[in-house]
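Work through the exercises below with the sequence and the model at hand. Each task is followed by its solution in steps.

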Amino acid sequence: STHIWLLVVCRFTQMTTQVDYGVVRLPRHYLPSVLNWVEYVYVVILLALLTQGPVLKIWEGSGQSGSTVFDLTKYSTYLMIQLPAVVLLVRRGIPQNMLRGPVGVLLCFCAWMLLSTVWATASSYALVASMSLLVTCLAGLYIARSFTLLQQLTLFLVAMQPGLIISWYAVRNNWSGAVNFDENYWIGIYFNRNSFAPPAALGFLAATALAWILIVRRPTFWVPLTVVLVDVMLLDFGLLIRSKSLTSIGAIGVFIFVWAFWTIVRQVQRKIVISARQMLQTIYPLFLSVIILFTWFGFKFQKSWLTLFDDKLDFSGRTMLWRFSWSGFLDKPILGWGWFSAWNTPNFFHEREFWWAISSTTWSHSAIMDVLLGGGVIGAGLLVVAILWSGARQLERTNTQNAGQWTFAATWFVLAASTQESFIVGNHFMWLLLVAAMSGSRNDKVAKN
């Protein structure tokens, strides 16, 4: 009976590498298969906590927000949850071709921000913020090096759901702060709607991409699985709508635009063979021109089209912060103020006291401005080179892999959202998502569709 049971286990696990054990052939790597599932669970916890809402909710009773005890506790939590990812990345290593490419430039960007601590006007803030930026970047590289695209999409989808479900429960049970009753929008456990909306948006997009893969591949049980994914899409999109966060909705619009662009390219390539050289010299520059123009147009005229959704929207405060930040950037355009130092530096407000007096915000509300302020044109240049080079490196994958459109669509989803919020920051899943999207995924079997 024992031999029969072991044979069943062998068949169930479907493992190809086996060793002889009497008359029975046992899986050689059964234990690693268990460890794989442990790793999946770890990644789900990692991503869920980096949405920040759960961590802030867990530790909100340890001290007032902004207090030293509260900040130390939350940063320690983020660091501890990311350390295993960094260790696993070091153990698995980063290939030389990645280090010599956009990943190397991305690490140089993080190193530059860490180096900015030397000349930072608020070095203590710069040190903590830049170390967090580097650690989360390494966590994103770990995701890219360890999992296929299908696995990444599944992990992102599953990880977003706990915080969203708890937020739904919090609203239904009238938890304190779960709803802004003045403007009737949901916050859940995320403390503000622009933190609540991104997990809902990513959950919706990951479910959509997985549904796309199922419809294209049509594996066993693809119909019921697609139905489940559609249900998740409806739930997450419903929560996104209830947050009334136009930033995430606009970023989804950019995601759809980019996905559609590369889908059209894939369809054209079926009829007309497009060489790798043509992709790099013609299609990719065309894409960059169109998406930059599209993003600039949305950024320039956002107040006009956003008021179509909310005629009471007042965007002047955020615009003022961007002007404030741009003025500060012009003071130190080459090296910058040091990563996240400017808004914690009294001299930053010199001759800008009037702007500061009419605003209670202590950040720029734009990751683009954060990069310019923190690292100057050198830091911004490194990030731009990494983004452009990573796209060029992944052109073939975009056109051959099922749901390969995700690479560019997810990248520009984060970048579009980052024009409105500080999402290029350590200890946040949006920065991790950007790094993972730019770095690709572990090789798996790809097929044209």
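**Exercise 1. Describe the second largest pocket: its volume, its lining and the helices behind it.**

Step 1. The second largest pocket holds about 660 Å³ of space. On a 1 Å grid over the protein atoms alone, a pocket is an open set of points with protein on both sides within 12 Å along at least five of seven lines, whereas a cavity is a set where a 1.4 Å probe fits but cannot get out; lining residues have an atom within 4 Å of a point. Grid points are joined across faces, edges and corners, and a volume is the space filled by probe spheres set on the points.

The model is predicted: local features need pLDDT of at least 70, side-chain atom pairs count only at pLDDT 80 or more, and totals for chains, interfaces and linings use all residues. Residues are numbered from 1 along each chain as its sequence is written, and side-chain values use heavy atoms, with hydrogens and water left out.

Step 2. The lining of this pocket has 19 residues, and Thr295, Ile368, Val384, Trp412 and Thr419 lie nearest the centre.

Step 3. At least two lining residues come from each of helix H12 (276-300), helix H16 (367-393) and helix H18 (406-418). H16 gives the most, nine residues. Helices (H or I, at least four residues) are DSSP runs numbered from the N terminus.

Step 4. By class, the lining has 16 nonpolar, three polar and no charged residues. Here Ala, Val, Leu, Ile, Met, Phe, Trp, Tyr, Cys and Pro count as nonpolar, Asp, Glu, Lys and Arg as charged, and the others, Gly among them, as polar.

**Exercise 2. How many cavities of 30 Å³ or more are there, and what lines the largest cavity?**

Step 1. The count is three.

Step 2. The largest cavity has about 70 Å³ of space. Its lining includes Tyr284, Ile387, Gln394, Thr407 and Trp412. H12, H16 and H18 each give two or more residues to this lining.

Step 3. For the second largest cavity the volume is about 50 Å³. Among the residues lining the second largest cavity are Gln394, Arg397, Trp406 and Thr407. Helix H8 (149-172), H18 and helix H19 (429-439) give two or more residues each. The classes here are four nonpolar, six polar and one charged.

**Exercise 3. Is Ser248 buried or exposed, and which residues does Ser248 touch?**

Step 1. Ser248 sits in helix H11 (residues 246-271) and is buried, at 3% relative accessibility.

Step 2. Leaving out residues up to four places away in sequence, Ser248 touches Ala197, Pro198, Ala201, Leu240 and Phe413. Contact means heavy atoms within 4.5 Å.

Technical notes. Buried means under 20% relative accessible area, exposed over 50%, partly exposed in between (1.4 Å probe, protein chains only).
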